Each structure stands twice: as structure tokens, then as C-alpha cells.
Amino acid sequence: MVSIYARLAWTWTRAAAAYPGSFVLMIVLGFATTALDVAVILVVFANTTTLAGFSRDEVLFLYGTASLAFTVCDMFVSNIDRVSQHIKAGTFDTFLIRPVSAWLQLCADRFNANRIGRVLQAGLVLGYAVAALDLDWRRAWMIPVMVITGIVIFSALWTLAGAVQFVLTDAPELVNAFTYGGHQLTQYPLSIYARDLVRSVTYVLPLAFVNWQPGLYALGRDDPLGTPEFMRFLGPAAALALALAAALAWRQGIRHYRSTGS
Amino acid sequence: MIELDRAGRSFKVQRSLVHAVRDLSFTVSPGEFVGYLGPNGAGKSTTIKMLCGILTPTSGTVRVAGLDPSRKRTTLARRIGVVFGQRTTLWWDLPLADSFELIRHLYKVDRAAFRSRLAELADTLDLGAFIRTPVRQLSLGQRMRGDLAAALLHAPDVLVLDEPTIGLDVVSKAGIRDFLKRLNAERGTTVLLTTHDLGDIERLCRRVMLIDHGSLAFDGTLGDLMATAPDQSSIEDVVARLYTGSGAT
Amino acid sequence: MGHRVITPRRCKTIPLYARLVRYGFRKHATYVAAALAGAFTNSVFGILRAYILIALWQARPGLAGYDITDAITYCFVTQAFIAPMQLFGGGLGIPERIRSGDIALDLVRPAPLQAWTLAEDVGRAAYLFLARGIPPMLVGAVVFGVVVPGGPGRWVAFLTGFALAIVVSFGWRYLIALSVCWLVDDRGVAVLSMVLTTFFSGMMVPLHIFPGWLADVARSLPWAAMVQLPTDLYLGKAPVMETLAFQAFWAAVLLGLGALGTRAIRHKVVIQGG
């Protein structure tokens with residue numbers, strides 16, 4: 001599976017690299033686009049020293065972990081959200097006549113290597129935040145765990161977004177509220193949001209486990225909203241549960257397509 | 001090689017049930033070259049989609065190369081080749097050669113076998129001049145030759161063609177027909193071909209099946225088909241009679 | 001949305017540009033599901049962004065002369081602007097027409113390309129204001145409560161400012177669209193335009209809270225005329241005449257540059273043959 005994905009991705013990258021000028025430009029601009037979110041954080045903290053009890057560097061830490069996970073998915077999985085485009089153009093059948101899973105083919109479809117600029121930007125911010133925060137190194141193991149958890153959660157979210165488009169063919173933009181919205185939500189400490197919203201992203205759509213719950217552990221802080229300590233470690237379980245739900249939804253989506261032909 | 005037993009496919013359209021295909025039964029033996037005719041909306045595409053596992057039948061059974069397409073879609077994919085005339089299965093922005101290379105990996109074709117098969121296909125389909133060109137820049141005839149090669153690189157036992165000559169000029173059409181004829185004769189590949197071009201049928205198909213309103217209206221040799229009408233009728237007349245005739249019943 | 005038949009007699013009485021505005025409106029009105037989905041997404045982002053501003057204004061009450069409700073209103077007004085002003089770019093269809101060569105047909109029409117495109121874009125903006133502008137405002141009003149301008153004077157000021165902002169946004173996007181003519185790959189300019197517009201228009205955070213000199217620079221650039229200024233007119237936080245004059249100034253400058261650009265592109269297409 002991995003080798004086929006790599007082969008597809010490599011072929012697209014080689015085709016794009018035929019125009020080295022725009023390839024490099026797009027990497028730089030991808031960097032700039034995601035840097036906008038950091039600019040907002042910096043502007044906010046030019047006006048205050050803490051936001052809902054969190055310092056600038058702590059917010060940058062949350063931003064960095066969420067964005068690193070998100071941009072990796074943006075690069076490797078997000079192409080799945082073109083399901084409705086393919087259905088409308090009649091090109092979806094092509095994915096079904098090949099002996100490889102349609103999910104894998106769609107994720108690799110038009111693989112865009114210049115999105116690496118966004119990943120680099122997120123990685124740099126995380127690197128800065130970790131260096132600036134002077135974290136307890138005995139808790140540092142949580143950082144890679146939370147990034148991987150985040151990657152699984154966002155991949156699952158994108159897969160759900162793709163699955164939904166089998167039904168909502170005319171309104172693909174709806175799913176952006178959950179994918180890009182999920183990224184927007186996780187850039188800040190969840191303590192800024194209303195309790196009901198935080199509850200729903202903890203117990204229904206587990207975005208709180210991308211970086212908030214495990215992040216509190218890594219930062220050595222208690223949850224201002226008072227969830228118990230063991231919740232900090234539930235990320236991988238929540239990610240797996242969501243991934244399972246996404247896989248089922250995707251299968252259901254394909255089944256729906258195969259029973260309607262559209 | 002292809003067996004349909006009372007296969008049916010219905011769709012819900014605005015709360016009423018539409019039978020795109022109903023009680024369709026036929027068998028295509030290995031090595032046959034069958035033309036599959038029918039007016040627009042008769043159920044040709046639905047049949048083809050059921051053969052490749054894109055659509056699951058609502059009733060009856062479908063078997064292709066001994067497999068149930070709706071359950072074994074990806075296994076079947078290695079044994080069947082599919083060409084859609086209306087749209088390409090190639091990667092639009094990639095050079096043709098890159099598309100072939102990807103297909104080699106997707107279908108896990110052994111490198112040596114791939115090389116010799118590609119060389120042969122490039123030769124017979126005359127792909128050499130444009131194999132490095134991105135697919136979007138190819139002419140329709142070039143693209144169709146590329147699509148045919150792509151569908152055959154994994155040496156499928158069955159080739160399903162959905163209007164492969166649509167929109168092609170006379171020369172391109174002749175080239176494609178010659179190629180298909182040889183493929184069937186020399187390699188014994190089973191071919192099912194839908195078309196609106198009766199020239200394709202006359203030149204290629206020993207057997208003709210005609211579907212209308214979702215069920216089989218005729219199944220026999222080209223000679224049988226011609227015999228259903230008065231002498232001196234052209235094939236166009238014969239088919240038109242069948243289309244309108246079965247439409248009236 | 002049924003298609004009414006326009007009788008020839010009626011056509012004569014309705015000026016060309018009014019018909020183009022209607023055409024732009026109707027063309028977009030056919031994508032109802034997409035507009036609803038967009039309105040939903042704009043509203044969700046409005047809610048998420050509002051909480052950031054609430055947290056900031058809780059830490060700094062009265063920042064930039066806004067109270068918390070002003071800040072929340074600011075957030076939803078800017079979300080409502082995204083679609084009508086196409087703050088993420090595009091919406092004109094010119095790059096596609098330049099690439100396909102159809103632009104030559106547009107240039108030989110009796111009406112000037114820029115005015116023609118503006119009229120259609122105004123129609124598009126009017127529809128998207130209704131379909132994708134009003135819903136986020138309603139969501140903001142229900143979830144948090146927003147400021148509603150009191151008195152007809154402030155409504156007139158805001159709506160005038162909003163209309164000028166549409167023209168400024170058009171002027172900028174038109175220039176970006178024309179640039180395709182001289183570029184091999186237009187994605188770079190499109191992304192650059194998106195970055196500049198979203199940041200310097202005040203769409204992400206109010207320009208007033210930018211640090212020091214950056215705030216002054218940002219407030220004098222054309223993007224400020226798209227989001228920050230009409231929003232301030234809505235909130236009653238800006239001197240009306242000065243603000244409208246500033247917007248009109250940038251609208252005139254951008255349209256003037258657009259006219260020069262149109263001449264250049266006509267020269268390139270007609271004389272050099274594309």
C-alpha cells in the first residue's frame with residue numbers, strides 16, 4: 001500500500017518539478033499562507049500577555065502540534081475531499097476499475113509536494129515553542145505521540161469529509177467547516193471556547209485529543225475545565241475510534257455510490 | 001467468461017423505481033467478440049458498470065472470469081480491461097508513459113512482461129510519437145489508443161469497451177478496429193463492445209446482442225440480425241427497425 | 001428561481017448594465033446548495049473566531065475602542081463579507097477566458113471589458129450578500145448577540161461603504177485577473193493576493209490592534225477599504241465622510257489602473273495576437 005502511494009506521489013511530484021520556478025514559489029507561498037495564522041496569534045499577543053490563562057509560547061506550542069498534524073494530512077490525505085468533484089465530472093469510476101483501494105488512489109490523486117512548505121512552517125513554530133517553553137523533558141515523549149494522534153484524527157476527519165460527499169454531492173464546501181474548522185479550533189487553548197463546544201469536541205468529535213488534552217500533560221498544566229488527569233492519555237484510543245468510524249463511513253459511501261451510480 | 005443470470009438493476013428516481021436493466025441473462029464464451037447495441041438509455045452503461053463491479057446488481061447474478069464483480073471488484077480488476085470512450089482512465093496531467101508506469105505498479109505487472117507488452121502495444125497502436133506528451137494535450141484518436149494500451153498492459157482475459165470509437169475520424173477508427181480484430185484473433189481476448197457506430201459491428205462482431213428498455217431484444221449472429229429484415233436492408237435499417245419496433249411493444 | 005422571459009421591448013428600457021447585474025445575480029442564484037454550504041462554513045468559522053476575540057477582549061476590555069459585543073459583531077460582519085467580496089480571490093472568470101483565448105471576444109464587445117465585468121460582479125456580490133452574508137450575521141446574533149446599527153443614517157453610511165468596498169474588492173481582483181496575461185503560472189499571484197487581502201483587509205483581526213506602525217500602514221492600504229472601514233461604519237466607529245472618501249479614492253485608483261491594464265491587454269491580444 002505504502003509503495004503504491006509513494007509511486008503515485010512521486011509521479012505527480014516529478015510532473016510538477018518540470019516547472020521548478022513555480023514549484024519553489026508555491027512552497028514559499030504555502031509557507032506564507034499558513035504563517036498568517038501565526039501572524040494572528042502574534043497580533044493577539046501584542047495586545048495581551050495571556051489568553052484564557054495561556055502564554056504566547058504555550059499557544060504557539062498548541063498551534064505547532066495541531067498544525068504539524070494538520071499540514072501532514074493536508075499533504076497526504078486531503079485530496080480525498082475531491083470526491084464530489086470526481087463524481088460530478090464522472091471520473092470516479094476510474095478509481096473503481098483499478099485493483100487498488102479507491103481511498104488510497106484518491107488520497108494520492110494530484111499529490112501536491114509543494115505543500116511541504118506548510119509542514120515546514122508548522123514544524124518550525126513547534127520547534128520554536130518547545131525550545132522557548134523549557135518543558136519537563138520527562139513529559140516530552142507525549143509530543144510525538146500527540147502529533148501522530150493528531151495525524152490519525154485529521155486523516156479520519158478528512159475521510160469522513162470524503163464519505164459525506166457521496167451523499168452531499170452539490171455542497172462539498174460544507175465539510176470545510178469540519179476539516180479546516182477543526183484546524184482553526186485546535187490552534188488555540190480550548191478553554192477560550194464555550195463549555196458545550198468543548199464537550200462536543202471531547203466526547204463526540206474528538207478534536208480535543210489532537211493537542212489539548214495531551215498538550216496539557218506536556219505543558220504540565222491542569223485542565224481549566226476540570227477534566228480528570230487520565231483523559232490526557234486517551235488520545236490514541238479516541239483517534240482509533242474515530243478512524244474506525246471513518247473507515248465504516250467510507251465503505252458506506254462507496255456502497256452508496258455503487259448502488260446509485262452517482 | 002461473462003455470465004449474467006436474470007441480472008437486474010433498478011434505481012430510485014424521485015420515489016419511483018426505474019429498472020435500468022431487468023432479468024438480463026446472457027453468456028459470453030472465452031474468445032468471443034460481441035457487439036452490444038441499444039438506443040440511448042437502454043441499459044448498456046448499467047450493464048458494463050455491473051460487469052466491472054462499479055454497480056452492484058439489485059437482483060440476479062453476474063459473473064466475470066468466474067468472479068462476482070460486486071464482491072471481488074479489486075481481484076477482478078486484474079483480469080478485466082475497461083475503456084470508456086467518453087472519458088479517459090488515464091491521468092490527465094501526466095505524460096502517457098507515466099500513466100503506463102503507474103498502471104504497471106497498480107496492477108503489479110512484472111517489469112520484463114511490462115516492457116515487452118508495452119513495446120508490442122506501442123508498435124501496434126503507434127504510440128511512439130506522443131508517449132511523452134501529457135494526456136490532456138493528446139488528440140481524441142491518440143488518447144483512445146493510449147487508453148486501449150493502458151487497459152491491456154496487465155494482459156486481461158476480458159476487454160470491455162464502452163463506445164471506443166466515439167468522435168474519432170475515419171482513419172483513427174480504422175486503426176482501432178484493426179487493432180481490436182487482431183487482439184481478439186491472435187490473443188484470444190474476449191471482447192464486449194458497445195457502440196452506436198454500426199460500422200464497428202459490421203467489421204468486428206460475429207455476435208450481436210441488442211438491449212432495449214433494460215432487457216435483451218436480440219441475441220444472435222450478424223447474419224441472423226440481417227435476416228430479421230427484408231433483403232437489401234442496410235444494417236442501419238435493421239437496427240433502427242429493432243430499436244423502434246421493440247420500443248412499441 | 002424560475003427563468004423569466006425577458007421580452008425585447010422590456011430589454012430596451014432596461015439599460016445594459018442593469019441587465020448584466022441581474023445576469024450575474026441569477027447565474028449565482030442557481031447554486032443554492034453550494035451557497036448554503038458556504039454560509040454554514042462561514043458561520044462556523046465566525047463562531048470559532050469570535051471566541052478568540054472574546055478571550056482577547058476579556059483580557060483587554062475596550063481595546064481599539066470596541067467593547068466585547070463590538071468585537072463579536074466585527075467578527076461576524078467580516079465573515080459575512082468573505083463571499084460578496086471574494087476575500088480569498090477569484091470570482092471573475094477572466095483568467096480562464098485569457099487562457100482559452102476567449103478574452104479576444106470579450107474585448108471586441110461594444111461595452112468596455114472592465115465595466116461589463118464589474119456589472120456582473122456586482123450582481124454576484126448582491127446574491128452572495130443575501131445567501132452567504134446574512135446567515136452568518138443571524139448566527140452571530142443568535143449565538144452571541146450582535147450590534148445592530150441604530151437609525152437610518154448609520155445604515156446609509158454602512159451600505160454606501162459596503163458598496164464602495166465591493167468596488168474596491170473588484171478593482172483589486174480585476175488587476176490580479178489581468179496579470180494572468182503576462183504570467184506563465186498564475187497560482188503564485190493568486191495566493192499572494194489571498195495572503196495580502198486576508199491579512200491587510202482586517203478579515204482576520206481588526207487592523208486597529210496591529211502593533212504600532214503596522215496598524216498605520218495597514219489602515220492606509222487599499223485592503224483596509226474592503227473590510228475594516230465598512231465594518232467600522234457598521235459599528236459607527238469611523239467618521240463617515242472621511243471613510244467614504246478614502247474608499248472612493250482607492251476605488252478610483254484601482255479602477256483607473258484597471259482601465260490602463262485593459263488597454264494593455266487589448267494591445268497585447270489585438271496587436272500581438274495573444
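Here is a short chat about this predicted model and how its chains are put together.

Reader: What radius of gyration does chain A have, and what would a compact globule have?
Author: The C-alpha trace of chain A spans about 55 × 45 × 30 Å along its principal axes. For 262 residues, a compact globule would come out near 18 Å, so the value for chain A agrees with that: 19 Å.

Reader: Okay, on to the neighbours. Which pair of chains shares the most contacts?
Author: Chain B and chain C are out of the running, as they do not touch and their nearest C-alpha atoms are 14 Å apart. Between chains A and B, 18 residues of chain A are in contact with 21 residues of chain B. Between chains C and A, 30 residues of chain C meet 30 residues of chain A. Of the two pairs in contact, the one with the most contacts is chains A and C.

Reader: Which helix of chain C gives the most to the side that touches chain A?
Author: Two helices of chain C each supply at least two residues there, helix 3 (32-59) and helix 9 (187-200). That side of chain C divides into 23 nonpolar, four polar and three charged residues. The top contributor, with 15 residues, is helix 3 of chain C.

Reader: And which helix of chain A gives the most to the side that touches chain B?
Author: Helix 1 (2-16), helix 5 (92-96) and helix 12 (235-260) of chain A each give two or more residues to that side. By class, this side of chain A has seven nonpolar, seven polar and four charged residues. With five residues, the one that gives the most is helix 1 of chain A.

Reader: Now chain B. Which strands are at the edges of its six-stranded open sheet?
Author: The sheet has the order 5-6-7-3-8-9, with mixed pairing. Its twist averages 15° from one strand to the next. An edge strand pairs on one side only, and the ones that do so are strand 5 and strand 9 (215-221) of chain B.

Reader: Is strand 5 of chain B buried or exposed?
Author: One side of the strand holds B:Ile80, B:Val82 and B:Phe84, while B:Gly81 and B:Val83 sit on the other, and both faces are covered. Five of the five residues pass the test, so the strand is largely enclosed by the rest of the structure: buried.

Reader: Which residue is the bridge partner of B:Val82?
Author: Strand 5 pairs with strand 6 (158-162) of chain B in the parallel sense, over five bridges. One step along, B:Val83 stands opposite B:Leu161. For B:Val82, the bridge partner in strand 6 is B:Val160.

Reader: Which residues does B:Val160 touch?
Author: B:Val160 is among the residues with the most contacts inside the largest nonpolar core, which has 236 residues. Leaving out residues up to four places away in sequence, its contacts are B:Ile48, B:Leu51, B:Cys52, B:Ile80, B:Val82 and B:Leu192.

Reader: What angle does helix 5 of chain B make with strand 5?
Author: Helix 5 (140-152) packs on the sheet, where it touches strand 5 and strand 6 of chain B. Its direction and that of strand 5 make an angle of about 165°.

Technical notes:
Residues numbered from 1 in each chain as written. Chains lettered and ligands numbered in written order. Predicted model: local features only at pLDDT ≥ 70, side-chain atom pairs only at ≥ 80, totals over all residues. Buried ≥ 20, exposed ≤ 12 C-beta atoms within 10 Å, placed from the backbone. Helix = DSSP H or I, 4+ residues; strand = E, 2+ residues; numbered from the N terminus. Pairing = 2+ DSSP bridges. Rg over C-alpha atoms; globule rule 2.2 N^0.38 Å. Contact = placed C-beta atoms within 7 Å. Nonpolar A, V, L, I, M, F, W, Y, C, P; charged D, E, K, R; others polar. Axes fitted to C-alpha atoms, helices over the stretch in contact; angles between N-to-C directions. Core = buried A, V, L, I, M, F, W, Y, C linked by C-beta atoms within 7 Å.
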